[in-house]
There are 2 protein chains.
Amino acid sequence: PDQQMGQAAQQRQQQLTKPTGALGDLEALAIRLAALQAKELPQINQPWLTLFAGDHGVVAEGVSAYPQAVTVQMLRNFLNGGAAISVLAKAQNIPLEVVDLGTVDLHLSLPNVQHLRLGPGTANFVHQPAMSVEQCQAALQAGQAAVQRAKANRADLFLAGEMGIGNTTAATALACALTGLAPAQLAGPGTGLDHSGVQQKQAVINRALQYHQDQLEAPLQALQCLGGFELAALAGAYIACAQMGIPALVDGFICTAAALCAVRLNPECQPWLLFAHAGAEQGHVLLLEQLQAKPLLHLGLRLGEGSGAALAVPIIQLACQLHTGMATFAEAAVADRPL
Amino acid sequence: PDQQMGQAAQQRQQQLTKPTGALGDLEALAIRLAALQAKELPQINQPWLTLFAGDHGVVAEGVSAYPQAVTVQMLRNFLNGGAAISVLAKAQNIPLEVVDLGTVDLHLSLPNVQHLRLGPGTANFVHQPAMSVEQCQAALQAGQAAVQRAKANRADLFLAGEMGIGNTTAATALACALTGLAPAQLAGPGTGLDHSGVQQKQAVINRALQYHQDQLEAPLQALQCLGGFELAALAGAYIACAQMGIPALVDGFICTAAALCAVRLNPECQPWLLFAHAGAEQGHVLLLEQLQAKPLLHLGLRLGEGSGAALAVPIIQLACQLHTGMATFAEAAVADRPL
């Protein structure tokens, strides 16, 4: 980030025809984007969204309200335009690409989907590491490759989404390992578990944390043992965004857990992460606090897919347009001094 | 509102390819709009914004951080495109009309501004009613007339904004009279008063409440004694929106005080009011609670002009597009039953 340009943007905000601070969080947002883009007048013209999908072996423990087949069914729905993220991307003209990192159906071949087939989903991490070292590396690199494609397409904001039945369980387990918070604090209903389902999910995560307890010190190992293909890809993407100078817009609980992992792997990526929303999943707010993040929206979302990130795009674009388009007190001949 | 259509929309929400409730507040929003528009698939294609401006005699008591001349200076800024609301309206192609109800400069004549010249600002309500009965009626009718113009232009969402140095003081006084809350609870810094300025503002409002104490039982009299031209116009507009069947999107503290007055004048207008945001002005959240309102955005805004309402428009439009454009479980062949 270019701190000097951030300061120039801050000075500009104080000269715009409004009481100082009257645009609230949008002022800090424009100033941050000015520093990230190294432009006094930042703009977001080309958002890009990559949706990472993968299956999870831990689903065998009964941790999801929906059957595992829904991961692949939703891949088709993304392509056919019927999913929430498809509608949001189309409405805003945001390119949406889908990367299938590995689902239970290894022969799956869908048009316009990149099938990486890292495995038939992850392994059940109650009994063994979710990923091999090689799988985890390949997933991290898949995230990096997505940001490279975004960059090649002149993207100026990288949105990531995720799909994977069971992935709130993996995200919670990973976040517990990274933060020391207990599963009882972070585990929520996901796609719709009832109270006893949430308790079962917590018990499964506790067993996994116990099983891998000697392997969780380093964030990379925690990711490999407890994460998922899409979680690793997300973490790889967020780090790549910082390295390639593209601000990343983080979606919900899963993406925030991956962002926390990315920051632990490489703290320098933190300034490049913008947080789209605080969702309904109870662990989300706690993880946002760990990251000292101030999310833009509070709409009670708990869908994933990148939907919350896509909903925040207009707010970010309007914050830039206000910063750029408003007149200064001098330009407008408006009295700028309090009495 | 058409409750049957609301129920049809609710059933549709439960069939869309997402866990029930996963779109959070956007689901209730789409369902409400379906009932208001009497369409299972609501849409917002033609938002409209009327900005009501007026001056306030109570400014003589030193209740604003900015000089009174700023009201007229900002009118020019709205026209020249340099104000926040100008940028937000232009960026979204929202027609923006400006109605000058009465400023200190009664000879003011600006292109594309409707000058109603109800008076050289209101009277100082510490010593006399802010408006005569006739002025208050004319301002209410000006609000109604704006909604008629919106309707004639096929508007499907009415946004109102306001400008008037001193109008947080008038809005606070009016809100105190309507709710019984104390000035110490509702008065905030407005455009930027410091602590002693806020105390002075509270004292002024207390004196006004004392002076008019026998006239505040009926909301219309409270409006006439303590309100302002733009506050009355806003209240008139909100009532007219309900009568003409156009959902109204309420902006910040001033607009919310006017909305509360509108609901007290005619409780049937309440279902037609959507609340855009919870702002930074301390009284705003309390008034939203009085109205049992659940605002869409929480961005710490305190600018007025309709800016918060304009920022919420994309979220409302996207909520409609999600409701309309998403596939059902049956259409997408996605498993819709929890295990």
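User: Which element gives the most to the lining of the largest pocket?
Analyst: This is a predicted model, in which local features need pLDDT of at least 70 and side-chain atom pairs count only at pLDDT 80 or more, while totals for chains, interfaces and linings use all residues, and side-chain values use heavy atoms without hydrogens or water. α13 (307-325) of chain A and α13 (307-325) of chain B each supply at least two lining residues (helices are DSSP runs of H or I of at least four residues, strands runs of E of at least two, numbered from the N terminus). The element that gives the most, with seven residues, is α13(B).

User: How many charged residues are in the lining of the second largest pocket?
Analyst: Residues are numbered from 1 along each chain as its sequence is written, with chains lettered from A and ligands numbered from 1 in the order in which they are written. The second largest pocket is lined by 22 residues, with Ala28(B), Leu29(B), Arg32(B), Leu274(B) and Lys294(B) nearest its centre, and α1 (3-15), α2 (25-37) and β6 (273-275) of chain B each give two or more of its lining residues. The largest share of this lining, seven residues, comes from α2(B). Besides 14 nonpolar residues (Ala, Val, Leu, Ile, Met, Phe, Trp, Tyr, Cys and Pro) and five polar ones, the number that are charged (Asp, Glu, Lys and Arg; the others, Gly among them, are polar) is three.

User: What covers the buried residues of α12(B)?
Analyst: In helix α12 (residues 282-290) of chain B, the buried residues (under 20% relative accessible area, with exposed over 50% and partly exposed in between, for a 1.4 Å probe and protein chains only) are Gly283(B), His284(B), Leu287(B) and Leu288(B). These four lie on the same side of α12(B), because they cover an arc of only 140° around the axis, taken from the directions from the helix axis to the C-beta atoms. The elements that cover them include α6 (167-179), α7 (183-186), α11 (253-265) and β6 of chain B.

User: Which residues does Leu234(A) touch, not counting residues up to four places away in sequence?
Analyst: Leu234(A) lies in helix α10 (residues 229-244) of chain A, and it counts as buried because its relative accessibility is 0%. With contact taken as heavy atoms within 4.5 Å, and with residues up to four places away left out, Leu234(A) touches Phe52(A), Ala160(A), Gly161(A), Glu162(A), Ile254(A), Cys255(A) and Ala258(A).

User: Is Asn93(A) buried or exposed?
Analyst: Asn93(A) lies in the loop between α4 (84-91) and β2 (96-102) of chain A, where its phi is near 60°, a positive value in a residue other than glycine. Because its relative accessibility is 69%, Asn93(A) counts as exposed.

User: What is the relative accessibility of Arg117(B)?
Analyst: The place of Arg117(B) is in the loop between β3 (113-115) and α5 (133-152) of chain B, and this residue has a positive phi of about 50° although it is not a glycine. Arg117(B) counts as partly exposed because its relative accessibility is 39%.

Key:
On a 1 Å grid over the protein atoms alone, a cavity is a set of points where a 1.4 Å probe fits but cannot get out, and a pocket is an open set with protein on both sides within 12 Å along at least five of seven lines; lining residues have an atom within 4 Å of a point.
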